[in-house]
Amino acid sequence: MEKPPLKLVKNGSERSEGSSGSGGEDKGRFEYFGWVYHLGVNSIGHEYCHLRFLFIRGKYVEMYKRDPHQNPGIKPIRRGVVGPTLMVEELGRQKVNQGDFYVIRFCNRLDEMKKGEIACRSAGEARKWMEAFDHAKQQAEYEISRGGSTRNKLNMETEINLEGHRPRMRRYAHGLKELIRIGQGPETLLRQSSTLGAGRPDGYIEGDTGDAIEANEWKCVRTISGVRIFEDVSDSQSGKGVLVKSVGVVDATADTVFEAILNIERHQRYEWDMLTGDLELIDSIDGHYDVVYGIYDPKFLTRWHSKRDFVFSRQWFRGQDGTYTILQRPAVHKKKPPRSGYRRTKINPSTWEIRNLNTPIVSNAPRCLVTQMFEIDSSGWCRWTKSHCSKFEKSIPYALLCQVAGLREYIGANPALSLESATTVVHSKISDVSVPIGEYEDGEVQDEFYDAIAADSSSSSEDEESDSDEHDNKGSKVKLKNVSWAIAGLALKRTSAPDANKELDPTVTPISIDPTQCHGSLHKAKDGTDTNCWASPSGTGFMIRGKTYLKDNSKVMGGDPLLKLIAVDWFKVDKSIDRIALHPRSLVQSGVGKKLPFILVINLQVPAKPNYSLVLYYAADRPLNKSSLLAKFVDGSDMFRDARFKLIPSIVEGYWMVKRAVGTKACLLGKAVTCKYFRQDNFLEIDVDIGSSSVARSVIGLVLGYVTSIVVDLAILIEAKEEAELPEYILGTVRLNRLRPDSAVNLEVSNPQTPFLLDLLCTNTHVCDF
């Protein structure tokens, strides 16, 4: 049966003829639909997996046994409303009906009984369904924000529950504007489950990365079949080998390339991978981590060596802008001990990065930039770069460098792979729904490739995109779409310093804050060589949105932070602790802390054995300006905070693969992990539960393995989405220099019904005197 096309709307702000609304603030109401697997457990404890047609209309969700478009009048088997407390998490790639699918979990953070799971055919479809539920959640939050009868109406409606018995339902009539079809027809899901992964063992894995890379200086040393080969020639590179990468443009979406790389089906890999064609899944840890066993016959490289085998782990992540990162590292697994007749080989640690490129308006053809990076021994590499005839071309690293070229040619020769992810726009002719653009708009242009900048420049950048320039003779304005190094070069000459009088109360005289008078459990760095300490760098190492970002996507170098970092606590806890600012050991509870006009407390809850809490205290020298963006964030709703709270990481020193895993891409923390906000007296505490996301858990697990040898910079800011809020400014920064987990101070918490233990009041964790 022929696959129906994927249908997706790209513009939800157009108005239908004859519809009513409120002018420029109108937003179309979206309708999403498509086939998924509904996963769950029935009343007698048996697991089930049912093929279902899922509909999202505004904030309402309906589930059918058959496509209602082809069966008019059919009743939904489940229906409910998406509430503002909905939590959506991507569980990654899992086995469903003997096939590999991408599972999404839904739950209510206030009621754990309301939960459910669906399985999608591809990572791209999973991403679109998550966006669909996010749109539905925004719709519900907006209606709640209008208050009055709307709030009462929402309270009376049944929230969607994908588990348990099907409730009796009543029909709703709502005007719809945008129709978005996600995925293919049911035959695609059935084919996926029947042809993929049959007879494969169960699974295990490790790693992740963001969008940007650390301060390397890349030089193009060779071109193989149109794919550029780069070498890192910077002096700052850590490690004994040479860091190399191959970079190529593939005419397909990032979703398509990602699926092709992860697919271990033998006949497919034989078409593009000359080295790792025979792969077997031997263990799977979670939906983002597995362990693979492979064999290869070296006769393709040289006829004299015996057959070889290898075991490696794969860990993958998808960034908030749709970029995929795959980490591959050598591994050992008890299911695959050394094999007679084979020589066990340790493959080079490597990473893949697949990033969508913007295509010209006249062309709808998808394109993505594929980068493979790994570290190799310097001796053979140097001989190969100096001589065209070398034994290096008979080596495993060379075969790995050719994988990008093979992948590009394979996808180019199989256009059906790209057609599966093609998109079609469908519009209805009914009514609009009005949503304020500034507070609820999520469809602005994506962030640029780099958010934290490197000290070195690239002699041949891999960040070439299909950027198009538009020149307006009347206004003499040039619009550059997405990142271009011309803008980046200009941005380096500008900085964005916060306007203190705009964010803080200009009528109040600033007080003097001396951070040296406050000592947390983690000491402040004495100099650049100090370790297991913190410092507060300037914001010049980070790129943030400039004044004209909404017009030309330009970013500028950050300036000095608005808030001053005055102390850092490094605690060891049995389990994650919320509202840590109320603990007697907290700086907030000290005499000096209570006198400060405002304190922002960031509690980074690190999942491990034991758990850790990294607590950052940022102070303002004046009260907040009530009309400022910062005040709106501090006193606003959790929904607003989740949509604006942004963090930019940058590993200044450390192992190259950890740098790739962490990246330097800005992340909206409220959308990536669970954030809880606690506003009281003169402070706002943000509890960031890193363990709430399986992806974040994997990344932090990798970082903790190297934490004693890395230097990490973090920038905290509030994302600007309206012109009046631009340019952005750095709220606060911190540098963590080679932390030692064993130096964390044990933090005990008494029974929550009683006050904290009095002996904690006698500790010397904070000694603050002005």
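Predicted model: local features only at pLDDT ≥ 70, side-chain atom pairs only at ≥ 80, totals over all residues.
Residues are numbered from 1 along each chain as its sequence is written, and side-chain values use heavy atoms, with hydrogens and water left out. Local features need pLDDT of at least 70 and side-chain atom pairs count only at pLDDT 80 or more, while totals for chains, interfaces and linings use all residues.

Trainee: How many salt bridges does the structure hold?
Mentor: Side chains of opposite charge can pair when their charged atoms come close. A salt bridge here is a side-chain nitrogen of Lys or Arg within 4 Å of a carboxyl oxygen of Asp or Glu. The number of salt bridges in the structure is 31.

Trainee: Is Asp273, which pairs with Arg269, buried or exposed?
Mentor: The N to O distance between the Asp273 and Arg269 side chains is 2.8 Å. Buried means under 20% relative accessible area, exposed over 50%, and partly exposed in between (1.4 Å probe, protein chains only). Arg269 is buried at 5%. Asp273 has a relative accessible area of 4%, so Asp273 is buried.

Trainee: Which helix holds both Asp638 and Arg641?
Mentor: Their side chains meet in a salt bridge at 3.0 Å, N to O. Asp638 is partly exposed at 30% relative accessibility, whereas Arg641 is buried at 5%. Helices (H or I, at least four residues) and strands (E, at least two) are DSSP runs, numbered from the N terminus. The two residues lie three apart, about one turn, in residues 638–644, helix α16.

Trainee: Which residues do salt bridges with shared partners join into one network?
Mentor: Asp638 and Arg641 were described as a pair. Salt bridges that share partners make one network of Glu31, Arg57, Glu62 and Arg79.
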